[in-house]
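I opened the model to look up how its ligands are held, and I note below what I found.

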Amino acid sequence: MRYLGCVLGISAILLIMAGCSVSKVYQERQFLAMDTLISVELSGTEENVQQIQTIIDELENKVSTTNQNSELYQINHRMANTVVLSDTVAQLLHDELEISETTNGALNPALYPISLAWGFTTENKRVPSEQELAALLPKTNWRQIQLSGNQLTLMEGMELDFGATAKGFASDLCATYLREQGVKSALLDFGGNVYTIGDNKEGEMWKIGIRDPWDETAQNFAGVLESTNEAVITSGSYERYFEQDGVRYHHIMDGTTGMPAQSGLVSVTIVCESGVKADGLSTALFVMGLEEGSKYWRQYGGFEAIFITENGEQYYTEGLIQRYEPSLEKKAEVIYQ
Ligand code: ADP
Ligand code: MG
């Protein structure tokens, strides 16, 4: 196979395109948004691409934790305990809470005070003391989030963050728009969060390279997945981290300890039709680990998963057998129902 193009850099999933025929209606664009290099390619119009960028910018303006004009910033700096949300933010929070419920809080939108203490959003990365974390944990009880329609009530001191689901949610919004526009072929890559529509320009399924967590050049794959009409979203501990006194601290938090999750995994990829679900579950199953994550898949289904463990082994669910080709040297095993 010839690899003619791939999206590199901060992307956790690389795109592989074979062939080089150029169609006039084929649009490609890259831009920065949501702290990520976003790549769009689609068979459509210049306006379609422009509109994708607008959809993403509008969502970012609602859910940024740092932009003082964002809706989320206003929520986190509210004057009263109850606030009225836009439909978009209400939907996103609703979707995330559903996953919090089924994962027993492995996905927790109320962990923001913890992420903030670690400095992952502000770039002042540091290791908070045990006392500091113990004082913050009571503010992260997601079961105290009351969402009724668009009305949100939060206890004092609670703060939300959609870092774990916003990119997947954005890909759903873009995919809905593209389908409405009759776009039959598209690939959206939000730095490791991919959404595919139809086939590629050669009329074959899109081929998505799952990043090799140990390859800092981000050019090698742990495997290649054939994909169409779905989200393929990876959460990895290599995405954002810092080191202090020889210890590596990453950005996916275990809400029971307030520490980076140590579940024995380095990445989890979720494949399913819903981007918000794939994004939420990739974070949640990373926190839960291989055993709990496999149990969750067996219990709920409706998605496929690829787990990569700290010792370089891969485990992928049955539904991917026909279309996932693992390429790491270590063992690759199928998880059966
Ligand atoms: P990425 O941004 O690398 O795609 P994820 O989708 O895994 O990563 O989401 C990680 C982000 O989600 C963190 O940067 C933080 O904002 C937030 N977060 C971290 N841990 C959790 C958690 N357990 N539940 C919900 N959100 C989390
Ligand atoms: Mg996620």
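Which residues come nearest to ligand 1? I found that Asn108, Asp161, Ser235, Met253 and Thr283 come nearest among the 18 residues around ligand 1, where a residue counts if one of its heavy atoms lies within 4 Å. This is a predicted model, in which local features need pLDDT of at least 70 and side-chain atom pairs count only at pLDDT 80 or more, while totals for chains, interfaces and linings use all residues. Residues are numbered from 1 along each chain as written, chains are lettered from A and ligands numbered from 1 in the order written, and side-chain values use heavy atoms, without hydrogens or water.

I sorted the shell around ligand 1 into seven nonpolar, five polar (Gly among them by convention) and six charged residues; helix 7 (275–300, a DSSP run of H or I with at least four residues) gives the most, with three residues.

Next I looked up polar contacts (N or O pairs within 3.5 Å). An oxygen atom of ligand 1 is 2.6 Å from a polar side-chain atom of Ser235, and one is 3.2 Å from a side-chain N or O atom of Lys167. The protein buries 97% of the 570 Å² that ligand 1 exposes when taken alone (Shrake-Rupley, 1.4 Å probe).

Ala164, in the loop between strand 6 (151–153) and helix 6 (166–180), and Thr283, in helix 7, are 119 residues apart.

Technical notes. A polar contact is a pair of N or O atoms within 3.5 Å; within protein, one must be able to donate a hydrogen and the other to accept it, and residues adjacent in sequence count only if both atoms are side-chain atoms. Helices (H or I, at least four residues) and strands (E, at least two) are DSSP runs, numbered from the N terminus.
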